[in-house]
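Hi,

Here is the structure I promised to pass on to you. Please open it alongside this email, and my notes on what was found will follow.

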Amino acid sequence: MKRIYLISGLGADKRVFEKLTFDLDTQLIFLDWISTQKNESLEEYAARLALKIDQTSPFYLIGVSFGGFLATEIAKNLNPLHTFILSSTAVFSGIPWYYRLLGSFKLHQFIPTSFFKKANSISYHLFGIKTKRERNMLKNILIDTDPVFLKWALSSIVKWRNTVKPANLTHIHGTFDKILPIKYTTPDISISGGGHLMVFSMASQISAAIMKVNISLPPYDAFPTISGNKITLRQIQQSDIKDILEISYYDAVKASTIKQAIEMHDKINADYLQGNSIHWGIADLGSNQIVGTCGYYRGLDKGEGELGCVLLPSFRGQGLMMAAMQLAIGFGIKNIGLKRIWAVTTIDNHKARNMFDRLGFIVIKELPDGEIKYEFVSR
């Protein structure tokens with residue numbers, strides 16, 4: 001089950017997320033605000049808020065507006081599977097200059113918090129409110145906002161100086177955002193017509209944008225079988241192991257007996273069940289016999305994967321490895337949601353290197369022991 005932690009914006013609460021929709025196997029966990037401490041920075045507050053996150057299993061983060069600042073700081077330290085910030089910015093340069101100017105002269109301290117707690121035509125315009133339901137929601141949320149927390153948050157925002165955008169972070173922003181205008185930032189995804197409260201007013205589009213870039217890690221309800229013109233990638237059964245003994249490996253150690261191969265297969269299955277890898281058998285279309293193996297073996301929790309493939313010697317030179325790699329790459333990008341795919345071979349393996357070139361990989365690094373690292377570049 002996917003776990004998504006939600007962090008609302010300043011002057012908002014869990015109600016802004018109520019229209020988002022996700023897969024049935026998703027657990028949504030709202031991070032309620034905690035009390036601030038004297039002279040606490042935004043970074044320090046984020047570190048304490050992060051203590052409420054269960055790190056024993058993979059998780060995602062979604063932060064809206066001020067919650068996006070906090071999600072960014074948390075992502076820098078906890079390494080979630082993916083972080084989404086909505087109507088926000090990952091770096092302080094995305095905060096409009098006039099807010100920073102207010103902060104540099106400490107003028108924000110003279111703005112009464114009551115100004116932010118009353119819903120009116122100005123606040124409706126700034127938040128992009130259009131319907132009666134949206135007006136009522138904003139009005140109730142502002143009434144419930146803690147003025148002490150509000151005052152601290154305003155001060156922490158203008159003092160925030162983050163310059164690092166964490167890995168696996170997607171910034172989604174509306175083109176009509178009046179509070180954080182899009183011209184001051186560089187989002188990954190722009191929502192046409194989206195205002196600052198688009199997480200609620202345009203929830204279906206936001207949900208679709210999130211799901212489009214979301215990572216779907218193994219294990220799956222049913223082990224994925226992928227069919228092509230020459231081969232099928234399918235789950236390896238224990239009865240298949242005798243056929244692939246000579247290409248059975250785990251952690252670069254080769255099996256020498258059927259028993260060892262079965263033990264390695266059990267370890268590979270355990271890795272799959274923990275969401276760390278996915279390992280297919282390459283099956284001949286005619287006989288369904290396993291003639292090789294292919295899969296992703298590390299990095300999935302970071303939105304990337306090392307792709308490996310090996311064939312029995314008697315089946316090499318027939319284009320089967322190319323076919324298997326193409327199917328695995330497609331699954332990695334479209335189904336798992338990988339942002340990066342890499343592979344390693346030896347410098348003198350010219351056939352493999354030629355195949356990587358044809359698949360769209362590029363050399364990124366020469367490694368020790370005569371190996372070379374390739375990375376896939378989508379065409």
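Predicted model: local features only at pLDDT ≥ 70, side-chain atom pairs only at ≥ 80, totals over all residues.

F59 has an aromatic partner, Y5: the two rings sit edge-to-face, 5.7 Å centre to centre, with 90 degrees between the planes. Y5 is buried as well, at 3% relative accessibility. Because Y5 lies in strand β1 and F59 in the loop between α1 (42-49) and β3 (60-64), the pair ties together parts that are 54 residues apart in sequence.

Another pair worth a look is Y45 with F149, which counts as tilted because the planes are at 55 degrees, with the ring centres 5.8 Å apart. Here helix α1 supplies Y45 and helix α6 (residues 147-159) supplies F149, so parts 104 residues apart in sequence are tied together. Y45 is buried at 0% relative accessibility, and F149 is buried at 8%. Both belong to one aromatic cluster, together with W33, F66, F69, W152 and W160. Across the whole structure, the search finds 21 aromatic pairs.

Now to the strands. They include an open sheet of 6 strands with parallel pairing, in the order β2-β1-β3-β4-β5-β6. Its edge strands, each pairing on one side only, are β2 (26-30) and β6 (189-191). From one strand to the next, the twist averages 20 degrees. Strand β1 (residues 2-7) pairs with β2 over 5 bridges, and L6 has F30 in β2 as its bridge partner.

Best wishes

Technical notes: Residues numbered from 1 in each chain as written. Heavy atoms only, no water. Pairing = 2+ DSSP bridges. Helix = DSSP H or I, 4+ residues; strand = E, 2+ residues; numbered from the N terminus. Axes fitted to C-alpha atoms, helices over the stretch in contact; angles between N-to-C directions. Phe/Tyr/Trp six-rings, centres within 6.5 Å; stacked < 30°, edge-to-face > 60°. Buried < 20%, exposed > 50% of the residue type's maximum accessible area, 1.4 Å probe, protein only.
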